[in-house]
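Dear colleague,

Please find below the structure for your review.

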Amino acid sequence: MKKEAVLYLLGTLALVFSIGVAAYVSPGLRARLPFSKGAAVAAVEVEPVLSGQNAEYYRQRRAEIREKISRLGDAPENEEQVRRLNEELSRANFHMALADDADFSERYQSLEICAQTFQLGGDVYNLELLKKELEAKQGNEREQFRLLHVVNAYLLKAKIGAAIRQKDNDLIKSLIPELEKIAIEAGETPDVVVSQNVASFVVPIATYDKALGDEAKRTMRKGFYRSKRRSADKALDVEYEPEKVSLPTSSGEEFVYDKTLLDVPQDETSSFYRLRINDLKNLALRVPANDASEAIQKLRDDVKRATFDAYEYSLSAVDLLPGGISGNAASNPFLDDSCKVLAEAGEIERLERLSEREEIRDVVGGYLLQARAAKATKSNAVEDANAALDESLQWALDAANDAEVVDRLDRLFKELETAADTDGKKAALSDAKKKFRDAFQNAEKRSKRRLAYIDALKDNPR
């Protein structure tokens, strides 16, 4: 009997304990228990935010949702409900940004909050949806541009973040040109969502991969140079740490040089290229001239290639490009020197790339024709040589600057005279000079007729 009483007592205690536990975990009961943290708000429901409503509706819904989030606090057991409420808050901001009866400042503020929330959550899909909805709306063009600029900025950051998480280098590389575009776009708006947050675009890439980060920095800096708003943000500075390497020579000694000099980047400043060209020239002088080792011969070729890279890229230095605050390209101090070096080296492909740029096409075109004619003549390709000379003649007849024509023809025929090492080539050179003289003498413009008597076209040796 005593044993049964004990069992009965234990059973009763267990039942009371189980009821107490149930009361604690049950939201309905917990709401009636004193001192239970968050008890009064545990049963808050999340009412979906509707689309297509007026601005006042979204103002009220935002206020309600914020109040509920505040009441829930940061208790762990409310985490999921807070998450759902924040989703609806983003939805309310999303629709407020598109509301026709909201004023611009309210739309802008709602849009930025919404876009930033999506970006921090890596939500590329909803950012693209927001952009699509904005683009479909009709309204003030200037206001539309500003709103889209905000979305573009956060969408680009979200895409960069996603590519880094995926460790997709090709995708990151494909997004880098967008940094130039967003920087140019930033110059067209008073908003500073880009210009005052430069690091948030380039630092994640640089932290992930230095080479990609350096490219991103140069590209975005180029955009700011071409925009109406410069940026001196230190986040765009690129550091080129020297990499000292040693090569064996045929004499048995080691030749030490800075390997980074051979990797010439595009989209740098004019001062950078000026220094790099000088450094490469000094390196070329240091390379043992009579060393026949394979490593030294390769280095000699690499130095030459890097030097040509520097001359070519210097004509696209970011501080000399058209656009930007002035609207025009600055006078390029490298233009004639670079073209001369490339033409004399027969770097036709480089000159062809440069001739695609409208603002320097006339000058580059003269050197390009010179290089083509010289190369064709040296290679004994008679038809190619004649075609190149015909192009040079037509250019000379059309060019507005006769002083430039005289200079180009002087360089061209000096090269042809040097290459005329056979009687056949000498005869062809004489015929070419006569063809130029005849064309100038029969030109409609008097200034062109005078060109028939320049020294470059005389048959006698100069």
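In which helix do Lys 298 and Asp 302 lie, and how many residues apart are they? Both belong to helix α12 (residues 294-314), with a separation of four residues, about one turn of the helix. Please note that the model is predicted.

Lys 298 and Asp 302 form a salt bridge in which the closest N and O atoms are 2.8 Å apart. Asp 302 counts as buried because its relative accessibility, 19%, is under 20%. Lys 298, by contrast, is exposed, with a relative accessibility of 51%.

A salt bridge also joins the side chains of Glu 67 and Arg 71, at 3.5 Å from N to O. These two residues lie in helix α3 (residues 55-72), four residues apart, about one turn of the helix. Glu 67 is partly exposed at 40% relative accessibility, and Arg 71 is likewise partly exposed at 38%.

Asp 390 pairs with Lys 435 in a salt bridge, the closest N and O atoms being 2.4 Å apart. This pair links distant parts of the chain, 45 residues apart: Asp 390 is in helix α16 (residues 382-398) and Lys 435 in helix α18 (residues 423-441). Asp 390 has a relative accessible area of 35% and is partly exposed; Lys 435 is also partly exposed, at 42% relative accessibility.

Finally, a network of salt bridges links Arg 305, Asp 309, Glu 312, Glu 347, Arg 350 and Arg 353. Across the whole structure, the search finds 34 salt bridges.

With kind regards

Note on methods
Residues numbered from 1 in each chain as written. Predicted model: local features only at pLDDT ≥ 70, side-chain atom pairs only at ≥ 80, totals over all residues. Heavy atoms only, no water. Salt bridge = Lys/Arg side-chain N within 4 Å of Asp/Glu carboxyl O. Buried < 20%, exposed > 50% of the residue type's maximum accessible area, 1.4 Å probe, protein only.
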